[in-house]
Amino acid sequence: MRKKIYALVDCNNFYVSCERVFHASLRARPVIVLSNNDGCVVARSNEVKKLGIKMGQPIFECEELIRKHNIQIFSSNYSLYADMSARVMKVLSQFSSRLEVYSIDEAFLDLSEQIIDDLSEFGRTIKARVLQFTGIPVSIGIASTKCLTKVANEIVKKDARYEGVLDFTALSEQATDEMLAKVAIEDVWGIGSKYSLFLMNHGILSAKDLKYADEKWIRRYLTVVGERIVLELRGTACIPLEAERPAKKGIMCSKSFGRDVTRLEELEEIIATYTARAAEKLRSQDSLTSCITVFIRTNALKDTPQYSNSFSQRIPYPTAFTPELIRYALKVLRAMYRDGYNYKKAGVFLTKIIPQDGVQPDLFSEFSLYDYYKQARLMYLIDAINKMYGRDTLFFAVQGITRPWKMRQSRLSGHFTTRWSDILTIN
Amino acid sequence: MNDHRLSLFLWRVSCGFPSPADDYVETALDLNELVIAHPAATFYVRVSGDSMMNAAICHGDIIVVDRAREPGHNSIVVAHLDGEFTVKRLSQRDGALYLVPENPLYQPIQITDTTDFSVWGVVTYCIHKVV
């Protein structure tokens, strides 16, 4: 079999980089992007990393550093990040038709079929092109397996001398091993925190140690998944490129609230809103659901009475019709709601998802294909209008109008690429 | 990016003879096709002020900025200049680089070693509302 060649392209501090593209004054200023509800740090510029602020750290712990170093703070602007991500992926697709979008800011490229003399040079070309087209800086690891590209990327990110590109295929086995020795076991792709603790207890501390571990022993304790990682570290490709993402089997909409919520009416607005959002996602992948799960819970970090519950409801006929889903969700909510608690988070989860064209009408039921088409057309129109004129141009009254419970996003930047009203204005 | 299509042909017959035009239907014109050469690298920017008036870029216009294009002498660019964005004409004169406004009321800006300067993108079209 011909040797495989993969590249992993990973956007540097992606959310921060997106904000910097549209804020000229932030080139050299430290920047933080916050999680949903403006609670914790989810992205940091390099300057912020150097100040010792950690990923996931609650923002109130950083207030002094923020003031002292004049750090710019943003709420997460997911519509901007999603659009910039799509742009990056589009540029990458110029370099290989075999592309796996691994996350919002990472993609694997399969370069095995191409004849490339100098892979490092090729990597630098990709990096320069993405930067020019989108303004987003990236790091690139090139290797014969996906797992090794991840390792290469770990090293590139920590050592500026590589200028963002590292090609393992150009290195000798010995030189590669020296690199692998620098990567801690918990940073190896696919090794969770539980397994890394177990491996450390057995003297396996680095990626290099794992590479030379007995694969039979690894298989016994880390299953075939662990064995595959060992083989990948040795240069045998076992984890194939997934160019096509399978349709999601479960769709979730879950968020914590901007403030505590106690009244059932407010929870109803919330659950209706989350259901409408989940139904929109369901329709966007042309699917139907026949099971809805709703959960609510209080703030576990607070010293107040605690309650949490979740209920599932089977839906007799698969549907993606928002009013029907809301009806079921509210029924479930009312059954589990208890008065006297401060609720902080809720979620709606759709499962038993089937493709829309797989619907089976029931001969003896009230369900008719005619009704089904009518519902589908109505939803199609609502989705189209909301897409054209902005989210929630049309919504269901039960979702509430002012929504005072909404997520805090007090430091949101403009939707520079997805709303005409928000595009950059310059002199 | 939205796909706004302007339909030139929309001809339906519900019964009777098929339309004689059916064989001639073509894909509707799409403004994106004309204006956007590199979708991944194209951004819209609103112009404020009149410093580029004589290049037919007016206050309130929306310019199409293509980051994929290489800027050259006389390109109109969106530039990053000392912590701010600006739209000006890029010009090389006697070995020096200038950002030149297209309005006699404004002075050209010389780019020196101490200027924090880079080109953000090249302006390719200007959308000007006339009604």
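This is a predicted model: local features need pLDDT of at least 70, side-chain atom pairs count only at pLDDT 80 or more; totals for chains, interfaces and linings use all residues.
1. Strands here are DSSP runs of E with at least two residues, numbered from the N terminus. Two strands pair if DSSP finds at least two bridges between them.

2. β13(A) and β1 of chain B (residues 42-47) are joined by three bridges and pair in the parallel sense.

3. On to the next pair of strands. β1(B) and β2 of chain B (residues 62-66) run antiparallel and are joined by five bridges. Within this pairing, F43(B) has V65(B) in β2(B) as its bridge partner.

4. Is β1(B) mostly covered or mostly uncovered? Mostly covered: five of its six residues are buried, that is, under 20% relative accessible area with a 1.4 Å probe and protein chains only.

5. The whole sheet is open and has eight strands with mixed pairing, in the order β13(A)-β1(B)-β2(B)-β7(B)-β3(B)-β4(B)-β5(B)-β6(B). Neighbouring strands are turned by 45° against each other on average, direction ignored, with axes fitted to C-alpha atoms.

6. Residues are numbered from 1 along each chain as its sequence is written, and chains are lettered from A in the order in which they are written. Local features need pLDDT of at least 70.

Key. Side-chain values use heavy atoms; hydrogens and water are left out. Helices (H or I, at least four residues) and strands (E, at least two) are DSSP runs, numbered from the N terminus. Axes are lines fitted to C-alpha atoms, for helices over the stretch in contact, and angles run from 0 to 180 degrees between N-to-C directions. Buried means under 20% relative accessible area, exposed over 50%, partly exposed in between (1.4 Å probe, protein chains only).
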